[in-house]
Amino acid sequence: MAGFFALAAPAHAIDCGKAGSAVEKLICSDRKTVAADAELNRAYSAILKQAPDADIRAMLAHNQKRWLLARDQALANLLEDPGSVPAGKTAAGIARDLIRDRTAQFKETRKGAALPDMISLAVSQQQFQAQFT
């Protein structure tokens, strides 16, 4: 049971005092990106609180972990090949854009909907999967 709660626990913003990976250091190198990361984590915590049950929270947590891995891999690739950063952009700016886009996904809610779209999608997936169990 403790493992389940660990899965659904909110992610915390990067602690820049303890940044260890190249990606964490990249994020911490730019104040605006640090602020975007903090906003992302507030949005993530808020969406977890809105989840109707533990299964949806677990789905959201799993989805967030997968997104973090994908983000970190994409940013690591940029750091390994600085020539791949588009003209007029910086790696930190790209990190900030990725983080802001993810925050927007957490907050996106259709007009008149009671729950954010991400939760509605998770509920639909849960209902679909229930047909087969």
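What share of the contacts in the protein chain between residues at least 6 apart in sequence join residues at least 24 apart? The share is 67%, where contact means heavy atoms within 4.5 Å.

This is a predicted model, in which local features need pLDDT of at least 70, side-chain atom pairs count only at pLDDT 80 or more, and totals for chains, interfaces and linings use all residues. Residues are numbered from 1 along each chain as its sequence is written, and side-chain values use heavy atoms, with hydrogens and water left out.

**View 1. The protein chain has six helices and zero strands.** Helices (H or I, at least four residues) and strands (E, at least two) are DSSP runs, numbered from the N terminus. From that end, the elements run α-α-α-α-α-α. The C-alpha trace spans about 50 × 35 × 25 Å along its principal axes.

**View 2. Helix α4 covers residues 54-80.** It has 27 residues. From first C-alpha to last it reaches 39 Å, close to the 39 Å expected at 1.5 Å a residue. The expected span is 1.5 Å times one less than the number of residues.

**View 3. A side chain reaches the backbone at the start of α4.** A side-chain oxygen of Asp53 comes to within 3.0 Å of the backbone nitrogen of Asp55.

**View 4. Helix α4 has buried residues.** Buried means under 20% relative accessible area (1.4 Å probe, protein chains only). Among them are Trp67, Arg71, Leu75 and Leu78. Gln64 is buried too. Across the protein chain, buried residues make up 32% of the 133 residues.

Note on methods. Buried means under 20% relative accessible area, exposed over 50%, partly exposed in between (1.4 Å probe, protein chains only). A polar contact is a pair of N or O atoms within 3.5 Å; within protein, one must be able to donate a hydrogen and the other to accept it, and residues adjacent in sequence count only if both atoms are side-chain atoms.
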